[in-house]
Amino acid sequence: MPAFAQSAGGMLTDKQIDVISSGIRSNWSRQGILDSGDPPSYAPTSMGDVQRGQAVYETYCESCHGPEGKGGPKGSAITNNSFLALVSDQGLRTIVIVGRPELGAPDWRGNVPGKPMSDQEVTDVVSWLAWRRVHNSEQPYSVSNYEPH
């Protein structure tokens with residue numbers, strides 16, 4: 001994508017770029033949003049552990065998504081075969097880190113008050129979720145869950 005500044009071949013003046021940037025910051029940035037913890041990295045920095053991931057799930061996720069991720073009082077089933085077949089490990093990591101605000105799902109800081117998830121805990125819970133995928137490329141969902149229309 002070409003740069004927007006006239007000095008780089010774009011169509012906006014430096015003043016226009018400043019106005020747009022200021023507007024974005026004033027409308028959408030929240031000062032101090034990361035003061036309460038060290039945010040997990042976008043990409044994993046170590047290998048995940050499935051067993052630790054299950055413990056992390058039980059601590060941070062089970063109260064909403066239920067035992068084994070099959071759905072609970074506040075959250076949907078996140079170990080659903082079709083869902084896991086359609087979302088990548090990176091997609092899972094992104095959901096854990098940023099949450100799903102449109103669904104009321106908290107981010108990495110909001111699951112247990114005062115105890116944000118560490119980078120390793122995010123990696124481990126993603127490993128646990130990925131481990132629960134059906135490993136059959138011909139049919140990434142269980143037959144019992146499939147209902148033709």
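Q: How many helices and how many strands make up the secondary structure of the protein chain?
A: Six helices and zero strands, and along the sequence the pattern reads α-α-α-α-α-α. Helices here are DSSP runs of H or I with at least four residues, strands are runs of E with at least two, and both are numbered from the N terminus. Bear in mind that this is a predicted model, where local features need pLDDT of at least 70, side-chain atom pairs count only at pLDDT 80 or more, and totals for chains, interfaces and linings use all residues. Residues are numbered from 1 along each chain as its sequence is written, and side-chain values use heavy atoms, with hydrogens and water left out.

Q: Why is cysteine 61 called buried?
A: Buried means under 20% relative accessible area, exposed means over 50%, and partly exposed is in between (1.4 Å probe, protein chains only). Cysteine 61 comes in at 13%, so it counts as buried. Across the protein chain, 27% of the 149 residues count as buried.

Q: What makes proline 73 exposed?
A: Its relative accessible area is 72%, so proline 73 gets the exposed label. Proline 73 sits in the loop between H3 and H4. Setting aside neighbours within four places in sequence, proline 73 is in contact (heavy atoms within 4.5 Å) with Ser63 and Cys64.

Q: And what about proline 113, buried or exposed?
A: Exposed, because its relative accessibility is 77%. You'll find proline 113 in the loop between H5 and H6.

Q: Which residues of helix H5 are buried?
A: In H5 (residues 89-98) they are Leu92, Arg93, Val96 and Ile97.

Q: What makes them one face of the helix?
A: Seen down the axis of H5, the buried residues fall within an arc of 130 degrees, so they line one face. The arc is taken from the directions from the helix axis to the C-beta atoms. In general, an α-helix has 3.6 residues a turn, so residues three or four places apart point the same way. The buried residues of H5 pack against helix H4 (81-86) and helix H6 (119-131).

Q: What is the volume of the largest pocket, and which residues are closest to its centre?
A: About 550 Å³. Of the 24 lining residues, His65, Ile78, Ile95, Arg100 and Ala105 are the closest to the centre. A pocket is an open set of points on a 1 Å grid over the protein atoms alone, where a 1.4 Å probe fits, with protein on both sides within 12 Å along at least five of seven lines; lining residues have an atom within 4 Å of a point.

Q: Which helix gives the most to the lining of the largest pocket?
A: H5, with three residues.

Terms used
Points joined across faces, edges and corners; volume = space filled by probe spheres on them.
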